[in-house]
Amino acid sequence: MMFLLLLILLTCCVGKAISTTDPKQIDALVDLYSSADGPNWSWIDNNAKWQISYANNVYTARTDPCTSTTGWEGVLCAPSAVGDNDIVKLNLTSHNLHGPLVDSIGKLSTLKILTLNENQLTGSM
């Protein structure tokens, strides 16, 4: 009986992918972090800092902002119609962002709310 239960569980769950976020959306967040002096941002919750590393002159996301156990501060996600995660809100008010607003912010195609006030960003959208 136990074997049958295990077989049923494996059959129903094998092949189902864990929800992830579109890599283009994650890249857009990494680009923003890179161009807006991310290492010097101010955080409300140090446990929810963006999980981005720097090596060989390249910034890289270490975790998925939508599935990370600690989350990425200011990033709100929602399930998409196809079962993945979409970034729907980005709130980085008063986080000490400095520098140009990157064009790749446009890759956040599912974004509904963007709040970047009280920072020192330049450029336009």
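A nonpolar core is a set of buried Ala, Val, Leu, Ile, Met, Phe, Trp, Tyr and Cys residues joined through side-chain atoms within 4.5 Å. Buried means under 20% relative accessible area, exposed means over 50%, and partly exposed lies in between, with a 1.4 Å probe and protein chains only.

The model is predicted: local features need pLDDT of at least 70, side-chain atom pairs count only at pLDDT 80 or more, and totals for chains, interfaces and linings use all residues. Residues are numbered from 1 along each chain as its sequence is written, and side-chain values use heavy atoms, with hydrogens and water left out.

**Overall make-up**

The protein has 2 helices and 7 strands, in the order α-α-β-β-β-β-β-β-β from the N terminus. Helices (H or I, at least four residues) and strands (E, at least two) are DSSP runs, numbered from the N terminus. Of the 125 residues, 34% count as buried. The accessible surface comes to about 7800 Å², and carbon and sulfur atoms hold 57% of that area; the areas come from the Shrake-Rupley method with a 1.4 Å probe, and for residues only the protein chains shown count as cover. Among contacts (heavy atoms within 4.5 Å) between residues at least 6 apart in sequence, 49% join residues at least 24 apart.

**Core**

The largest nonpolar core has 23 residues, and L29, L32, W41, W50, L90 and L92 touch the most other members. Helix 2 (23–35) and strand 4 (85–91) each supply at least two residues of this core. Helix 2 gives the largest share, 6 residues. Leaving aside residues up to four places away in sequence, L32 touches W41, W50, L90, L92, L97, L101, V102 and I105. In soluble globular proteins, nonpolar side chains tend to be buried together.

**Sheet**

Two strands pair if DSSP finds at least two bridges between them. An open sheet of 3 strands has the order 3-4-6, with mixed pairing. Strand 3 and strand 6 (113–115) are its edge strands, each pairing on one side only. From one strand to the next, the twist averages 30 degrees. Strands 3 and 4 form a hairpin with 5 residues between them, and G83 in the turn has a positive phi of about 95 degrees. Helix 2 lies across strand 3 and strand 4 and runs at about 25 degrees to strand 4. Such axes are lines fitted to C-alpha atoms, for helices over the stretch in contact, and angles run from 0 to 180 degrees between N-to-C directions.

| Strand pair | Sense | Bridges |
|---|---|---|
| Strand 3 and strand 4 | antiparallel | 5 bridges |
| Strand 4 and strand 6 | parallel | 3 bridges |

In the second, N91 is bridged to T115 of strand 6.

**Disulfide**

The structure holds 1 disulfide, a term for a pair of cysteine sulfur atoms within 2.5 Å. C66 and C77 form it, with sulfur atoms 1.9 Å apart. The link is left-handed, at -75 degrees about the S-S bond. C66 lies in the loop between strand 2 (58–61) and strand 3 (75–79) and C77 in strand 3, so the pair ties together parts 11 residues apart in sequence. C77 counts as partly exposed because its relative accessibility is 24%.

**Loop residues with positive phi**

N57, which is not a glycine, has a positive phi near 65 degrees. N57 sits in the loop between strand 1 (52–55) and strand 2, and counts as exposed at 66% relative accessibility. E118, also not a glycine, has a positive phi of about 60 degrees. E118 belongs to the loop between strand 6 and strand 7 (120–122), and is exposed with a relative accessible area of 58%.
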